[in-house]
Amino acid sequence: MQDDDIDEVNQDLFDEAADAVVALGNQLADANPDADPWALADGLIAGAVHYWLYAHQPQDVPNEDDMLSASERIEELARQVMQSAEESEYLHSPRDRDVGNA
């Protein structure tokens with residue numbers, strides 16, 4: 001498999017995983033209509049963070065992509081969360097305090 005093929009497979013897997021988390025959130029919200037959506041969303045984030053940290057542990061034989069300290073992993077996790085938030089269609093809301101009105 002060529003690098004471009006691997007990147008495409010990884011992007012497809014990334015998209016599938018993200019879609020699955022959104023679907024799970026919607027499923028849990030539908031099954032628990034009285035639930036606090038913030039608590040549900042916070043639980044989804046907590047689970048995703050735990051899995052991300054598990055998946056990014058240094059390998060027995062480190063490779064060039066390994067983050068070899070906890071602080072490196074936290075910095076990368078924060079970077080990825082910021083990027084995902086900035087790319088989200090839900091980042092800005094018409095009810096945000098800093099929204100200008102003309």
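A salt bridge is a side-chain nitrogen of Lys or Arg within 4 Å of a carboxyl oxygen of Asp or Glu. The views below come from a predicted model.

**View 1. Arg79 and Glu76 form a salt bridge.** The closest N and O atoms of the pair are 2.7 Å apart. That falls within the 4 Å cut-off, so the contact counts as a salt bridge. The structure holds 1 salt bridge. Both partners, Arg79 and Glu76, sit in helix 3, which covers residues 70-87. They are 3 residues apart, about one turn of the helix. Arg79 is partly exposed, because its relative accessible area is 43%.

**View 2. A patch of negative charge gathers on the surface.** Its members are Asp4, Asp5, Asp7, Glu8, Asp12, Asp15, Glu16 and Asp19. Asp12 belongs to helix 1, residues 3-31. Asp12 has a relative accessible area of 43%, so Asp12 is partly exposed. Asp4 lies in helix 1 too.

**View 3. Asp4 is an exposed residue of the patch.** Its relative accessibility is 59%. Exposed means over 50%, so Asp4 qualifies. Asn26 is 22 residues from Asp4 along the chain. The C-alpha atoms of Asp4 and Asn26 are separated by 33 Å.

View 4. The chain averages a pLDDT of 90. Of the residues, 94% score at least 70.

Conventions:
Residues are numbered from 1 along each chain as its sequence is written. This is a predicted model: local features need pLDDT of at least 70, side-chain atom pairs count only at pLDDT 80 or more; totals for chains, interfaces and linings use all residues. Side-chain values use heavy atoms; hydrogens and water are left out. Patches are made of residues with over 30% relative accessible area and no salt bridge: like charges are joined within 9 Å, nonpolar side chains (Val, Leu, Ile, Met, Phe, Trp, Tyr) within 5 Å. Accessible areas come from the Shrake-Rupley method with a 1.4 Å probe; for residues, only the protein chains shown count as cover. Lys and Arg count as positive and Asp and Glu as negative; His and the chain ends are not counted. The place of a charge is taken as NZ of Lys, CZ of Arg, CG of Asp or CD of Glu. Helices (H or I, at least four residues) and strands (E, at least two) are DSSP runs, numbered from the N terminus. Buried means under 20% relative accessible area, exposed over 50%, partly exposed in between (1.4 Å probe, protein chains only). pLDDT is the predictor's confidence in each residue, from 0 to 100.
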